[in-house]
Protein chains: 2
Amino acid sequence: MALLRSWVESANAPEGSFPLNNLPYGVFSRPGEEPRCGVAIGDFVLDLAACEDAGLVDLPGAPLLDVPFWNEVMEAGPEVWAQLRARLTALLAEGAAERDEVARHLVPLAEAEMHLPFLVAEYTDFYAGKHHAFNVGSMFRDPANALPPNWLHIPIGYNGRASSIVVSGEDVRRPWGQLKSPEHQMPIFAPSRRFDFELEMGAVVGTPSEGMVSVAEADRMIFGYVLLNDWSARDIQAWEYQPLGPFQAKATATTISPWIVTAAALEPFRVSTPEREVPLLPHLQEPGPMLYDIQLEVGLTPKGGTETIISRTNYREMYYSAAQQLCHHTTSGCPMSAGDLLGSGTISGPQRENRGSMLELSWGGKEPMEIAGGTRSFLEDGDLLVMRGFAQGAGYRIGFGDCAGRVIPAHAAPAGAGR
Amino acid sequence: MALLRSWVESANAPEGSFPLNNLPYGVFSRPGEEPRCGVAIGDFVLDLAACEDAGLVDLPGAPLLDVPFWNEVMEAGPEVWAQLRARLTALLAEGAAERDEVARHLVPLAEAEMHLPFLVAEYTDFYAGKHHAFNVGSMFRDPANALPPNWLHIPIGYNGRASSIVVSGEDVRRPWGQLKSPEHQMPIFAPSRRFDFELEMGAVVGTPSEGMVSVAEADRMIFGYVLLNDWSARDIQAWEYQPLGPFQAKATATTISPWIVTAAALEPFRVSTPEREVPLLPHLQEPGPMLYDIQLEVGLTPKGGTETIISRTNYREMYYSAAQQLCHHTTSGCPMSAGDLLGSGTISGPQRENRGSMLELSWGGKEPMEIAGGTRSFLEDGDLLVMRGFAQGAGYRIGFGDCAGRVIPAHAAPAGAGR
């Protein structure tokens with residue numbers, strides 16, 4: 001597929017994030033305004049509430065776009081998703097008759113404050129990257145038995161905390177928690193010393209379900225994707241996670257990028273999951289390519305310093321697709337809702353420079369990594385972490401927009417800390 | 001505290017569930033009507049939407065009661081909770097001047113269909129019963145090291161699936177899942193063969209929070225309590241739970257009783273948690289009694305058979321209170337919402353007859369239990385499971401109403417099962 005040219009000139013730049021081929025959905029406001037739905041095009045966001053009000057966009061069940069979330073559009077169903085995308089493509093294409101009318105509702109991205117693009121119904125985080133699972137298993141168990149016995153048969157996942165999802169740009173406060181080092185008899189209550197990021201993609205469920213869905217159905221239920229940073233306190237996790245899994249270690253915050261890049265925009269970039277090492281049971285087998293070729297990088301900027309790119313990887317490294325994860329999620333009959341968010345799991349690649357967490361990059365702190373102006377084992381206060389991603393087309397890119405967050409110091413003394 | 005006498009005569013029966021001292025909140029409807037808020041009194045539910053409409057109840061921010069959930073009242077805050085309870089107590093007390101007006105809005109419980117009493121924001125399930133944790137640890141590890149190392153220091157919990165919460169009376173379909181027995185090399189996909197219940201209490205968070213709260217603050221944030229059955233597929237759980245905890249094993253359904261018994265009604269029944277085996281860190285210590293003396297029982301009725309009471313226990317057996325759990329839940333800064341539901345964990349007692357799950361009652365299936373007309377290791381299709389609970393006052397009881405569910409057969413072949 002080639003670049004679709006838009007009359008918004010900045011949308012035609014070959015290395016821009018938001019060409020006409022993309023049309024990602026967000027929620028924005030300018031100072032003093034109510035947040036509402038918008039779509040990114042070049043260096044602008046098109047005010048869709050205004051377009052709907054002006055009759056430029058007319059969806060069944062309208063108004064759907066004068067609200068600060070995309071859930072209503074999701075719930076309207078895939079036909080409405082297709083109708084909206086077709087209409088926006090027509091309005092913004094080179095030569096569009098409505099150009100002057102539409103241009104009135106363009107807001108420079110630089111003036112727009114971005115909000116969470118949807119109400120997160122529930123959040124599930126998976127563990128579906130084989131390089132990551134292998135690295136973690138090698139560190140904490142042994143390389144000969146790095147993967148848990150179930151890992152090649154099930155996309156392992158656990159329920160996360162939806163209330164902790166924040167949009168790119170929000171500071172993330174270092175958490176307190178119970179920590180216990182092997183050399184101590186008793187745990188202590190203190191700020192985390194091993195605070196980490198995890199580079200992930202998030203799949204946004206658009207279509208609700210009751211009962212089990214197939215992998216093919218699951219693929220059609222996904223509205224779009226975001227970049228996702230699953231902030232993780234490794235020391236809290238190490239002490240708490242047996243036997244019921246991570247809890248407070250993952251509940252401080254999970255940051256997502258502000259734009260939902262639709263599955264429709266990513267369609268040309270579908271790739272298959274890697275070859276299976278053991279066959280999957282029939283219900284989890286993919287009927288077609290359901291991963292995407294998305295290049296990813298992570299930059300770390302210390303307070304007052306310059307950025308070092310600490311990781312480069314690709315979403316196609318994952319062993320399980322979001323469609324497989326969503327199918328597995330429903331096997332028990334678990335009802336799914338529009339606005340459910342599925343974290344892919346940490347996306348590491350085969351090489352050291354492809355690792356998607358500090359835990360792996362510094363090998364549990366044993367091999368601190370070099371960054372501009374210092375070294376790092378885990379994140380320090382003031383560190384700014386930025387994730388970026390795009391799919392590379394012929395002469396255009398489908399960009400995601402930054403997924404950024406700065407680590408700020410822990411509170412001096414939380415309520416009830418007894419200090 | 002003695003019985004508060006009501007002009008609703010059935011509310012004064014010493015062994016009734018809903019005296020004036022109780023006033024539990026639910027959502028009800030009669031056929032063809034919209035669900036709305038109500039309060040149970042004796043053999044009736046008082047239609048609170050109608051009372052509000054008639055001016056008998058006038059809360060700040062009204063109308064709050066013409067909706068099918070209690071979240072709006074919760075969000076109105078503890079002063080409004082107290083105001084509503086005081087007003088209802090006055091309206092329903094013996095000698096109330098408004099008796100005739102109020103009586104018009106009484107609906108016989110027998111005619112009321114009950115719905116979920118609140119929108120479940122998120123669901124967290126804990127593992128805070130020491131007898132249960134000891135039993136499970138003895139079965140799967142060894143009695144000398146039955147408790148995980150963190151267990152006496154943290155109320156262990158994991159995030160559950162809010163979308164799977166159902167109200168008492170809904171059938172529960174036996175789930176499919178991946179199962180693997182030790183003698184097989186590969187897992188299979190099949191209906192669960194070890195489907196179980198867990199007897200728990202659920203605490204309903206009424207006040208939202210940002211950042212960490214103390215145990216005392218957490219106690220004040222809890223709006224009320226329900227009975228809770230955390231249906232569990234033990235065979236799915238055994239295969240999936242390493243390393244990130246239970247997921248699909250717990251996602252089929254969790255049943256709650258239809259009435260939120262308020263913390264205010266339970267106030268006379270406060271008891272302290274059992275003595276600590278090792279001291280808790282200061283932030284988790286209770287400043288006062290925060291458990292409740294609530295007698296609990298579980299009845300199992302096979303299809304077409306008669307009921308056997310298979311378990312009798314008491315909420316006071318728990319090692320951690322809901323207030324301690326909620327405090328721990330916020331240590332990382334995790335935001336809490338009105339409508340969050342916290343499962344206590346399985347409430348077993350010291351004796352065999354006090355065990356709160358089939359897993360424990362049949363000791364993993366090795367010691368099938370006798371019931372009227374047969375034996376059971378795990379639940380069979382058609383089994384009706386009913387949980388009941390009450391706090392015993394002087395001449396009155398604070399009852400919870402049944403928490404009931406029948407196991408119905410698995411689907412013949414789920415979507416994509418490849419059969």
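Student: What should I know before reading the values?
Tutor: The model is predicted, so local features need pLDDT of at least 70 and side-chain atom pairs count only at pLDDT 80 or more, while totals for chains, interfaces and linings use all residues. Residues are numbered from 1 along each chain as its sequence is written, chains are lettered from A and ligands numbered from 1 in the order in which they are written, and side-chain values use heavy atoms, with hydrogens and water left out.

Student: What is the radius of gyration of chain A, and why does it agree with a compact globule?
Tutor: The radius is taken over C-alpha atoms, and the globule rule is 2.2 Å times the number of residues to the power 0.38. For 419 residues a compact globule would be near 22 Å; chain A has 21 Å, so the two agree. The C-alpha trace of chain A spans about 70 × 50 × 40 Å along its principal axes.

Student: Which secondary structure does chain A have?
Tutor: Helices (H or I, at least four residues) and strands (E, at least two) are DSSP runs, numbered from the N terminus. Chain A has 10 helices and 27 strands.

Student: How many of the residues in chain A are buried?
Tutor: Buried means under 20% relative accessible area, exposed over 50%, and partly exposed in between (1.4 Å probe, protein chains only). In chain A, 62% of the 419 residues are buried. Take helix α5 (residues 130-140) of chain A: its buried residues include A:H132, A:V136 and A:M139. Part of their cover comes from α10 (358-361) of chain A.

Student: What do contacts say about sequence separation in chain A?
Tutor: A contact is heavy atoms within 4.5 Å. Of the chain A contacts between residues at least 6 apart in sequence, 72% join residues at least 24 apart.

Student: Which backbone features deserve a look?
Tutor: Most residues other than glycine have a negative phi, and most peptide bonds are trans. Now the exceptions here. A:A62 and A:P63 are joined by a cis peptide bond, omega about 0°. A:P63 sits in the loop between α1 (48-53) and α2 (71-76) of chain A. Another cis bond joins A:Q242 and A:P243, with omega about 0°. A:P243 is in the loop between α7 (234-240) and β16 (254-256) of chain A.

Student: Where is A:L23, and is it buried or exposed?
Tutor: A:L23 has a positive phi, near 55°. A:L23 lies in the segment before β1 (25-29) of chain A. Its relative accessibility is 0%, so A:L23 counts as buried. In chain B, B:L23 also has a positive phi, about 55°, and B:L23 is buried because its relative accessibility is 0%.

Student: How is the size of an interface given?
Tutor: Often as the accessible area lost when the parts come together. Here that area is summed over both parts (1.4 Å probe). Chains B and A bury about 5,500 Å², with 60% from carbon and sulfur atoms. On the chain B side, B:R161, B:L244 and B:F247 lose the most area, together 15% of what that side buries. In contacts, 61 residues of chain B meet 61 of chain A.

Student: How many salt bridges cross the interface?
Tutor: The rule wants a side-chain nitrogen of Lys or Arg within 4 Å of a carboxyl oxygen of Asp or Glu. It finds 4 salt bridges between chain B and chain A. B:R161 forms one with A:D340, the closest N and O atoms being 2.5 Å apart.

Definitions and conventions:
Buried area is the accessible area (1.4 Å probe) that two parts lose on being put together, summed over both.
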